Structures are given as structure tokens and as C-alpha cells.
Amino acid sequence: MTRWYPRLVLPSAIDLVCGLPMVTRKRQQVVPLAHGRVLEVGIGTGLNLRHYDRTRVQSVTGLDPGVELHPKARRRIAQSGLKVDLLALSAEQIPCGDASFDSVVVTYTLCTIPDPLAALREMRRVLAPGGALLFCEHGRAPDARVARWQDRLQPLWGPLAGGCHLNRDIPALLQAAGFTCPTLHTGYVTGPRVLGYHYWGTAQAAEPPG
């Protein structure tokens with residue numbers, strides 16, 4: 001992949017696709033539930049910021065290693081009226097203490113994190129007792145034919161889409177990281193079925209981090 005593609009083309013493409021109406025509707029179902037001290041993993045271009053309930057949120061810490069996305073995020077931070085700290089870091093090693101956040105928000109991000117299990121374990125570590133992980137992700141479809149196409153397309157899709165994986169099993173990752181899901185919704189959204197199977201809801205630590 002040429003150097004200009006991730007720097008000049010990919011940020012606008014991600015912002016466009018991740019801001020489509022069917023995606024926005026899913027954000028609207030998850031993000032307003034955040035409260036208190038919020039960690040947003042994969043803040044990207046800041047598309048979630050307008051969906052936070054400012055009366056419930058004390059502060060937002062946004063992690064994203066994609067510095068090419070940060071200019072758009074900073075503009076949206078300025079418009080949001082929220083206190084936001086933007087950090088150019090991935091989530092496999094979150095530089096915050098245990099139980100630092102009341103809510104962790106992760107939307108359309110687990111597909112791109114190189115080690116999603118390590119990242120989820122870190123999210124669990126920094127989540128305060130009784131806090132919630134609020135998630136919305138696309139992932140592996142339950143239909144065998146669609147899943148086979150996800151596997152076939154992945155080697156081509158990943159480099160074009162900034163490392164996005166079509167075929168990650170989101171519930172299995174959450175469970176392996178020590179979360180339970182008191183609320184889990186699934187289903188296809190409008191669009192190509194290889195991209196369209198979604199998981200969204202809330203997760204909580206199954207037991208205190210060891």
C-alpha cells in the first residue's frame with residue numbers, strides 16, 4: 001500500500017463510511033448510556049462525540065493510535081462542549097490506573113486493534129466496579145456462507161480498510177477477556193452482508209480483575 005493512501009485517503013474514507021446513517025443509528029443506541037469518567041477506545045475522527053449526554057459525562061479520554069485521524073477529532077472536540085483528552089495510543093497498554101473509568105465506549109474499533117483480547121483485558125482493568133463497557137461492532141456473521149466470504153475477502157479487505165477485520169467473533173472475545181453481556185443485540189444492518197452483521201450492547205466484568 002503506497003504511503004499516501006493511509007495519510008490522505010483513508011481518514012476521509014473511514015469518516016465517510018463510519019458516519020453512514022445505519023452506523024450512526026447504532027452509535028445513538030450505545031453512546032448516550034455512558035456516564036461519569038469515560039474512556040473511548042478508538043475515538044477515530046470523533047464521530048461519537050455528538051452522541052454523549054453532556055449532563056451525564058464528567059470527562060472523556062479518547063485513545064487512538066491513528067494520528068492522521070486526529071485533526072478531524074480535534075475539530076469535533078472543540079464543537080462538543082465536552083472535556084476530552086486525546087491520546088495517540090492503542091489500547092493494548094492503557095496508561096491509566098485500575099478502576100479509572102465509570103464507562104468504556106468502543107465502537108467499530110475491535111475490528112482494527114492488532115490484539116483485541118489484550119485490549120479488552122486492559123479495558124476491564126481500568127473499568128471501575130459496577131461500570132459498563134458499551135460496545136457496537138461489526139463482526140463474524142452466523143450464516144456459514146457469509147462467514148466463508150468474510151474469510152475469503154479478509155486478505156484484500158484488511159489493507160484497504162486500515163487493518164479492519166471482517167470476521168472477528170465479538171462475543172467470544174468479550175467472554176475470553178472476562179466480560180459478561182447482560183445486554184447483547186445482534187443483527188444485520190443495511191449494506192453488504194459481509195460488513196453488515198452487528199453486535200451491540202453492554203458488558204460488565206465477570207469478576208474483579210486479578
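Buried here means under 20% relative accessible area, exposed over 50%, and partly exposed in between, using a 1.4 Å probe and protein chains only. The model is predicted, so local features need pLDDT of at least 70 and side-chain atom pairs count only at pLDDT 80 or more, while totals for chains, interfaces and linings use all residues. Residues are numbered from 1 along each chain as its sequence is written, and side-chain values use heavy atoms, with hydrogens and water left out.

**View 1. Helix H4, tucked in.**
Helices (H or I, at least four residues) and strands (E, at least two) are DSSP runs, numbered from the N terminus. In H4, the buried residues are Pro-116, Ala-119, Leu-120, Glu-122, Met-123, Arg-124, Arg-125 and Val-126. That makes 8 of its 11 residues buried, so H4 is largely enclosed by the rest of the structure. Those buried residues pack against E1, E4, E5, H6, strand E6 (179-188) and E7, with contact meaning heavy atoms within 4.5 Å.

**View 2. The largest nonpolar core.**
A nonpolar core is a set of buried Ala, Val, Leu, Ile, Met, Phe, Trp, Tyr and Cys residues joined through side-chain atoms within 4.5 Å. The largest one has 28 residues, and Leu-39, Val-41, Leu-120, Met-123, Leu-133 and Phe-179 have the most contacts inside it. H4 supplies the largest share of this core, 4 residues. Zoom in on Leu-39: leaving aside neighbours within four places in sequence, its contacts include Thr-61, Leu-63, Ile-94, Phe-101 and Val-126. A second, separate core of 21 residues includes Met-22, Val-60, Leu-82 and Val-189.

**View 3. Strands E4 and E5, side by side.**
E4 and E5 pair in the parallel sense over 6 bridges; two strands pair if DSSP finds at least two bridges between them. Val-105 stands opposite Leu-134 in E5. E5 is mostly covered, with 10 of its 12 residues buried.

**View 4. The largest pocket.**
On a 1 Å grid over the protein atoms alone, a pocket is an open set of points where a 1.4 Å probe fits, with protein on both sides within 12 Å along at least five of seven lines; lining residues have an atom within 4 Å of a point. The largest pocket comes out at about 1,000 Å³, a volume being the space filled by probe spheres set on the points, which are joined across faces, edges and corners. Of its 48 lining residues, Ile-14, Cys-18, Tyr-108, Cys-111 and Thr-112 lie nearest the centre. H1 gives the most to this lining, with 5 residues.
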